[in-house]
Amino acid sequence: MSTTVVSSPGKVLVAGGYLVLDPAYSGIVVSTSSRFYTIIQPAAAPSHANQIQVLSPQFTQASWRYDVTVEPKLSVVPNQENSSKNKFVHQALESAILLATEMKGSSSVLSALAAGLDITIAGDNDFYSQRAKLAELKLPRNLESLTKIPPFAPTGGSLAQVHKTGLGSSAALITSLVSALLVHFSVISSADLSEDSEGRHLAHNLAQYVHCLAQGKVGSGFDVAAAVFGSHLYTRFDPSVLEDLMTGDTTSPRTLFPTLSPKNRAWNHKIRPFALPPLTRIMLADVDAGSDTPSLVGKVLKWRKENDAEAHALWTSIDQLNQSLASILTRISELHDRDPAVYSAAVKYLSSLQPVQWMANPWTPPEEEDIMTAFYDAHQTSEAIRAKMREMGRLSGVPIEPSEQTKLLDECVRQAGVIGGGVPGAGGFDAIWLLVCDPVDCSPDQRPTERIEYVWSHYESVSPLMAVESKAKGSRTENIDDIMGLKDTLHLS
Ligand SMILES: Nc1ncnc2c1ncn2[C@@H]1O[C@H](COP(=O)(O)OP(=O)(O)O)[C@@H](O)[C@H]1O
Ligand SMILES: C[C@@](O)(CCOP(=O)(O)OP(=O)(O)O)CC(=O)O
């Protein structure tokens, strides 16, 4: 058995928060360059037959051993010497091995487990706040400082203590882990993860199931969809597809495949293509306060249920704006493809002016006019979405874009070269996202990213993240030697 490595990206829900819980609406999901990695190797110690050792080297007390029995009934039992539990890891192992047994037979799985498996899981630094590390290194909170932190740096604490940045570490962890197991047990092939294959959809369905089981709730699933498919326009699946599996006794003999099969038409989610326009980038900032998403969701949905007509009107208007933003950004990409040189010149010009000035130049070259108009439309639409999300928060009594975030975002979106921004997902105090022009040929001090870092440096609560929109397509198998720092930092053979 060789080594299997699978990585999955993190996520940012830039539009569609709360709406995407209802299959009637969709959201703009952006996957990040920050990725989560699973490495599966034959066990180093032959004494570990039929055992799986999972190691999470970025955290203290984050090593779990499981004793696996396949016949007469599958069981994945945490070893009694484990010093902690991890339901995300445990559920992923149990469900992936069960599915493999169903699809490949017990003898095939027993053979793959005969020598035992060593699994290492690790997320890019961005998934976990590096604020303390920067302070320890006496470095300013900026993007350049983040490049000075070794990849997969130990956080110095336990998983319970870590401050997560909301990039969807659990979704990316589960997706990379179950996908790596399915590849390692030959249920799907490496190639399946890079194509619109049945294998990739099987991995998606299994990851959605495991994530819901581990979290004890069925969210919209946009985060797992981002981990599997990358950036896209997401419409959720009907949660009833998982009802039988979620309500049954998960320790009783179950068959997963009929429910998780890609041919099961009950999986009616929609994954429509989407990518951010060329010469733009997402900037993400971790805002120190943090929010409890389930609590925010509960209050918003309660208000929606109690104010059906008003909520329907609001949801409809927000969805129209969300779809309009997606269309405008797609239109901007088309304008790039029409003439990349003219587009590049236009982006450089836009980067030098505040959005309020973008349409004020009477001498804009005719060939650039529609580019300027499209960027300005994106700016206006993004601001309109923010206003409507604030209205949702006001009506439901939930701090979706609290005043502190409004102050920070207002200052950011009026900077030269900033297309738009907002609070991602459920909002609150967690984070902000900005979409900025990223011209290729201008001096550093004229780059919108530099301006935004300067603005952020004046906010004690704000810490930039490295993550940008990933051009890569969701989960993918990796060559362990190609990932900087993976073998050395994680002490892999
Ligand atoms: N590197 C890791 N190793 C093991 N478990 C992890 C790791 N990163 C995240 N997790 C698991 O995922 C959980 C975080 O999930 P969640 O609260 O949904 O945060 P996020 O918004 O980042 O997904 C952690 O409590 C932990 O159980
Ligand atoms: C409200 C939502 O529509 C979006 C929540 O997005 P976040 O990115 O805020 O989620 P967390 O990572 O759990 O904090 C709920 C959902 O879609 O499940």
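How do the residues of the shell around ligand 2 divide into nonpolar, polar and charged? They divide into seven nonpolar, five polar and one charged. Here Ala, Val, Leu, Ile, Met, Phe, Trp, Tyr, Cys and Pro count as nonpolar, Asp, Glu, Lys and Arg as charged, and the others, Gly among them, as polar.

Before selecting anything, note the conventions. This is a predicted model, in which local features need pLDDT of at least 70 and side-chain atom pairs count only at pLDDT 80 or more, while totals for chains, interfaces and linings use all residues. Residues are numbered from 1 along each chain as its sequence is written, chains are lettered from A and ligands numbered from 1 in the order in which they are written, and side-chain values use heavy atoms, with hydrogens and water left out.

**Stop 1: the two domains**

Colour domain 1 (4–274 + 478–491) and domain 2 (280–464) separately; the bounds come from an automatic or database domain assignment. Taken over C-alpha atoms, the centres of domain 1 and domain 2 are 30 Å apart. The contact (heavy atoms within 4.5 Å) takes 28 residues from domain 1 and 39 residues from domain 2.

Between domain 1 and domain 2, about 2,700 Å² is buried, and carbon and sulfur atoms give 60% of that area. Buried area is the accessible area (1.4 Å probe) that two parts lose on being put together, summed over both. On the domain 1 side, select Tyr-18, Arg-131 and Arg-141: these lose the most area to domain 2, together 29% of what that side buries.

**Stop 2: ligand 2**

Select ligand 2 and the 13 residues that surround it, a residue being near if one of its heavy atoms lies within 4 Å. The closest are Lys-11, Tyr-18, Ser-220, Thr-293 and Ala-426. The shell around ligand 2 draws at least three residues from each of domain 1 and domain 2. Among the secondary-structure elements, β1 (4–15) and α10 (293–306) each supply at least two residues of this shell. Helices (H or I, at least four residues) and strands (E, at least two) are DSSP runs, numbered from the N terminus.

Next, show distances to the oxygen atoms of ligand 2. A polar side-chain atom of Lys-11 is 2.6 Å from an oxygen atom of the ligand, and an N or O atom in the side chain of Thr-293 is 2.6 Å from an oxygen atom of ligand 2. From Ala-426, a backbone N or O atom lies 3.0 Å from an oxygen atom of ligand 2. The protein covers 82% of the 460 Å² of accessible area that ligand 2 has on its own; accessible areas come from the Shrake-Rupley method with a 1.4 Å probe, and for residues only the protein chains shown count as cover.

**Stop 3: ligand 1**

Which residues come nearest to ligand 1? Of the 15 around it, they are Ser-56, Tyr-128, Lys-164, Ser-169 and Ser-170. Helix α5 (residues 169–184) gives the most to this shell, with three residues. By class, the shell around ligand 1 has eight nonpolar, six polar and one charged residues.

Polar side-chain atoms of Ser-56 and Tyr-128 each face a nitrogen atom of ligand 1, at 2.9 Å for Ser-56 and 2.8 Å for Tyr-128. Gln-215 has a polar side-chain atom 3.2 Å from an oxygen atom of ligand 1. Of the 560 Å² of accessible area that ligand 1 has on its own, the protein covers 82%.

**Stop 4: Asp-438**

Move to the loop between β11 (431–437) and α15 (448–456), where Asp-438 lies. Leaving aside neighbours within four places in sequence, Asp-438 is in contact with Leu-279, Thr-280, Arg-281, Val-347, Arg-447 and Thr-449. The side chains of Asp-438 and Arg-447 are joined by a polar contact of 2.8 Å. A polar contact is a pair of N or O atoms within 3.5 Å; within protein, one must be able to donate a hydrogen and the other to accept it, and residues adjacent in sequence count only if both atoms are side-chain atoms.

**Stop 5: backbone details**

Select Pro-72, in the loop between β4 (63–69) and β5 (75–78). The peptide bond from Glu-71 to Pro-72 is cis, with omega near 5°.
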